[in-house]
Amino acid sequence: MRLLRSTLIAALLLTPATALALESPSGRVLLTVSGDIATTNVGDEAHFDREMLNALPQRETVTSTPWHDGVMRFTGPMLRDLLAAVDSQGDELRVTALNDYSAEVPVADAMAYPVILAMTMNGDPLSIRDQGPLFIIYPFDEHPELLNEETIVRSVWQVNRIEVR
């Protein structure tokens, strides 16, 4: 009995967190992640409500952007943590907005830089009118090399879908 208990405890401790089931959203779904992912909660997709996104590790990015006057304070989960939560297997993301605008974002960006999926700006939740509910924010002031046309195009706002490829 003791051996069985020890074996079960060891198996649980050695199980990677990504193998655990992703909870189902209880609120309005803000984000659907699909494609080459191993952890899902609705069919072959991962759906996230605000509470689930808030449960991921949060980061504050203070930066200027081409779309705002002055420096803004954005908060949201890091893109790399979102990808880890769904056990992403791909190397490219197709990030799509509510109006169907989309851009290709290399997973390498999320691994090399603290890219966030901003949910607030200056402490207020991002509304659709304010480029929300989700906005891909690069740390332009921390990494000035990111302030270029290629990266600006990847900074999708009003994000509602991410397809991992």
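In what sense do β3 and strand β4 pair, and over how many bridges? In this predicted model, strand β3 and strand β4, the latter formed by residues 71-77, are paired in the antiparallel sense, with 7 bridges between them. Within this pairing, glutamate 60 has threonine 75 of β4 as its bridge partner. The two strands make up a hairpin in which 6 residues separate β3 from β4. Glycine 70 lies in the turn and has a positive phi of about 80°.

The side chains of β3, which covers residues 58-64, alternate along the strand.

An open sheet is formed by 5 strands in the order β2-β1-β11-β5-β6, with mixed pairing. At its edges are β2 (46-49) and β6 (102-106), each of which pairs on one side only. From one strand to the next, the twist averages 20°. Strand β1 (residues 29-35) runs antiparallel to β2 and is joined to β2 by 4 bridges. In this pair of strands, valine 29 is located opposite aspartate 49 of β2.

Glutamine 131 is placed in the loop that connects β9 (124-125) with β10 (135-137). The relative accessibility of glutamine 131 is 13%, so this residue counts as buried, the cut-off being under 20%. Leaving aside residues up to four places away in sequence, glutamine 131 touches Trp67, His68, Trp157 and Gln158.

How values were computed:
Residues numbered from 1 in each chain as written. Predicted model: local features only at pLDDT ≥ 70, side-chain atom pairs only at ≥ 80, totals over all residues. Heavy atoms only, no water. Buried < 20%, exposed > 50% of the residue type's maximum accessible area, 1.4 Å probe, protein only. Contact = heavy atoms within 4.5 Å. Pairing = 2+ DSSP bridges. Axes fitted to C-alpha atoms, helices over the stretch in contact; angles between N-to-C directions.
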